[in-house]
Amino acid sequence: MVLARGKPAVYALLPEPVKTDLDAHHRLPSTGRWHQMFGAASDGQAQTGEHAHDHMLLQLHADALLGWGDMGVIRFWISTDDLAAGRWDAVAVTRQST
């Protein structure tokens with residue numbers, strides 16, 4: 001995993017079977033779990049409750065290639081009023097375990 005996160009020249013040194021496994025199981029998005037900017041949260045459950053009317057700015061799922069966690073998702077939210085006013089210090093962060 002450390003080599004896969006390295007520079008492209010380092011990744012190129014990995015044996016083909018290792019790169020194939022990384023591509024198939026770690027580098028490509030999996031169903032219902034992907035990093036995303038804007039729009040609806042990937043699982044549909046996150047936009048309920050406290051952030052039901054907020055805008056999702058960024059969603060980061062646990063990712064071995066990013067080097068953190070194996071479960072869960074972190075999302076960054078902002079209200080319509082704060083977005084319109086450019087109040088980026090009002091962004092809220094939530095973490096959800098899956």
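Which side chains meet Asp82 or Arg87 in a salt bridge, and at what N to O distance? I looked: Asp82 and Arg87 pair with each other, at 2.6 Å, N to O. I'm counting a salt bridge when a side-chain nitrogen of Lys or Arg is within 4 Å of a carboxyl oxygen of Asp or Glu.

Ground rules for me: this is a predicted model, with local features needing pLDDT of at least 70 and side-chain atom pairs pLDDT 80 or more, while totals for chains, interfaces and linings use all residues. Residues are numbered from 1 along each chain as its sequence is written, and side-chain values use heavy atoms, with hydrogens and water left out.

Checked confidence next (pLDDT, the predictor's confidence in each residue, from 0 to 100). The chain averages 75, and 59% of the residues score at least 70.

Asp82 is buried at 17% relative accessibility, whereas Arg87 is partly exposed at 38%. My cut-offs: buried is under 20% relative accessible area, exposed over 50%, partly exposed in between, with a 1.4 Å probe and protein chains only.

I searched the whole structure and got two salt bridges. Glu16 and Lys19 make one of them, at 2.9 Å, N to O. They are three residues apart in helix α2 (residues 16-27), so about one helical turn separates them. Glu16 is exposed at 52%, but Lys19 is buried at 12%.

How values were computed:
Helices (H or I, at least four residues) and strands (E, at least two) are DSSP runs, numbered from the N terminus.
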